[in-house]
Amino acid sequence: ASAKKSSYDILTLTTWLLKQEQAGVIDNEMTIVLASISTACKQIASLVQRAPISNLTGVQGAVNVQGEDQKKLDVVSNEVFSNCLKSSGRTGVIASEEEDVPVAVEESYSGNYVVVFDPLDGSSNIDAAVSTGSIFGIYSPNDECLADIDDNGALDSIEQRCIVNVCQPGSNLLAAGYCMYSSSVIFVLTVGTGVYVFTLDPMYGEFVLTQEKVQIPKAGKIYAFNEGNYALWDDKLKQYMDSLKEPGDSGKPYSARYIGSLVGDFHRTLLYGGIYGYPRDKKSKNGKLRLLYECAPMSFIVEQAGGKGSDGHQRILDITPTEIHQRVPLYIGSVEEVDKVEKFLA
Ligand code: AHM
Ligand code: MG
C-alpha cells in the first residue's frame, strides 16, 4: 500500500521509529541503533553518488578474508558503518563482510545489540554507476553462549565470545533491512511487524515513508540467476531453468532480469514478484552469498512480506551459522516460485 496521502503528509523514518518505540514494538536502544544505521546509509549514498568525482572508484589494492578484491568504496563504507554503530553506544558486537572476525565495541561505548552487515554489496557494479546496497541484521546477545562462558570458562577470549554471539540462526533476528543506492535511495526495514519502505528525499535529506506492509506477489514470472554458471549447475537445476523457458499455456515464458547486485535484484523481486537464485555449482559448493549478513536478513524481510527464502531444501532462517563468513545457496522470492525450484531440487 502507498503510504502517502497528500504531499504535505510525510512520515520520516525518525518519526516512524519513535512511534514504534511508543507502541512498545522496539526499545529505545533499538531506535538508536536503527537511526545510526540510517545515518550510515545516507553517508554511503552520498559517497557512492560522488565516487567518480572524488576518486573513489577502483580497487583498494587489498584482498579481504574471503579472497575478494576490495574496492575503495568497500573499505570506506565499512568504516562509515562501523563508526556510526560504535558511536551509537548501543551495539556490543559487530560483524561485517569486510572484517575477518567480529569486532567487540570498546566497553566505554558499548551496548547490547549484535549487528551484522554488508556495508556495500554488489560493489562490482560501482564503477559503472549501477545499483548497489547495504544489508544489515540485528540480534540480541546470545544468552546461552554467555552462560556457557561463565560456567566452564571454555570461551574466554573476546574473539570467541563475539563469534558465538554472532552465530545465531536468522530466526533470532529482531530487525533487518537494506538500503539500495539506485535512481532513488531506498531504505527497507522490518522490525518483525511487516516491511516498510522509505525513500530518501534529497530536498530534506530525510528518509520518508513511501510504502507500508509490503506484500510480495504469490507468484511472478521473472527470474534472476547468473546463468553464465549454467554448465556448472547440477542436472535438476538445469531442468528447472529449462522449464522457465517453456512458453506453456500462456504462450509466454519467464523473463530474465539480473543486475548482479543482490539488493537491487531482491528489491525488484519484492515489488514485482518472481525469484532470485544463487545456487551451488561445481566450483562453489555452497554458492556465493553469505548466510549471516546477506541471506538471513533478506530471508527475514521476504518472510515478513509473505514470501520465502530457502537453500533449495530448507528454510534459510532455520540454519545456524558455524562460521561468520559461511556461504549458502539462496532461492528467495514469491512463495510459489521458491516452492517450484524446491520441487525440482528434491
Ligand atoms: P559482494 O558481496 O562481493 O558484492 O558479492 C555479492 C554479490 C551480490 O550482490 C550479487 O547478487 C552476486 O554477488 C553476484 O555474483 P555474480 O557476479 O557471480 O553473479
Ligand atoms: Mg556482499
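**Walking through the fold**

Biologist: Which residue in β5 stands opposite T91?

Modeller: In β5, Y113 stands opposite T91. Strands here, like helices, are DSSP runs numbered from the N terminus (E, at least two residues, for strands; H or I, at least four, for helices). One caution: this is a predicted model, with local features needing pLDDT of at least 70 and side-chain atom pairs counting only at pLDDT 80 or more, while totals for chains, interfaces and linings use all residues. Residues are numbered from 1 along each chain as its sequence is written, and chains are lettered from A and ligands numbered from 1 in the order in which they are written.

Biologist: Got it. How many bridges join β3 to β5?

Modeller: There are 5 bridges between β3 and β5 (residues 113-121), and the two strands run parallel. I call two strands paired if DSSP finds at least two bridges between them.

Biologist: And which way do β3 and β4 pair, parallel or antiparallel?

Modeller: Antiparallel, over 2 bridges, with β4 covering residues 103-104. V93 has A104 of β4 as its bridge partner.

Biologist: Why is β3 largely enclosed?

Modeller: Because 5 of its 6 residues, in the stretch 91-96, are buried, β3 is largely enclosed by the rest of the structure. Buried is 20 or more other C-beta atoms within 10 Å of the residue's own, exposed is 12 or fewer, and partly exposed is in between, with C-beta atoms placed from the backbone.

Biologist: OK, zoom out. What is the order of the strands in the sheet of 8?

Modeller: The order runs β4-β3-β5-β6-β7-β8-β9-β10, in an open sheet with mixed pairing. β4 and β10 (206-211) each have a single partner strand, so at these two edges one side is left without a neighbour in the sheet.

Biologist: Which strands does α2 touch?

Modeller: Helix α2 (residues 28-50) packs on that sheet and touches β3, β5, β6, β7, β8 (185-190), β9 (196-201) and β10. Contact here means C-beta atoms, placed from the backbone, within 7 Å. Then there's helix α8 (residues 291-304), lying across β3, β5, β6, β7 and β8.

Biologist: Switching topic to the ligand. Which residues are around ligand 1?

Modeller: Here's the list: E68, E97, D118, D121, G122, S123, N226, G260, S261, L262, D265 and K288. To be on that list, a residue needs its C-beta atom, placed from the backbone, within 6 Å of the ligand. β5 and α7 (262-272) each give at least two residues to that shell.

Biologist: So α7 turns up there. How many of its residues are buried?

Modeller: In α7, 9 of the 11 residues are buried, so the helix is mostly covered. The buried ones are L262, V263, G264, D265, F266, H267, R268, T269 and L270. L262 and D265 are also among the residues around ligand 1. Just after α7, G273 takes a positive phi of about 85°.

Biologist: Which sheet strands does α7 touch?

Modeller: Let me start with the sheet: 5 strands in the order β12-β11-β13-β15-β14, open and with mixed pairing. Its edge strands are β12 (255-256) and β14, each pairing on one side only. α7 packs on this sheet, touching β11, β13 (275-278) and β15. Helix α9 (residues 335-345) lies across β13, β14 and β15.

Biologist: How do β11 and β12 pair, parallel or antiparallel?

Modeller: Parallel, over 2 bridges, with β11 at residues 222-224. Y223 has A256 in β12 as its bridge partner.

Definitions and conventions. Contact = placed C-beta atoms within 7 Å. Axes fitted to C-alpha atoms, helices over the stretch in contact; angles between N-to-C directions.
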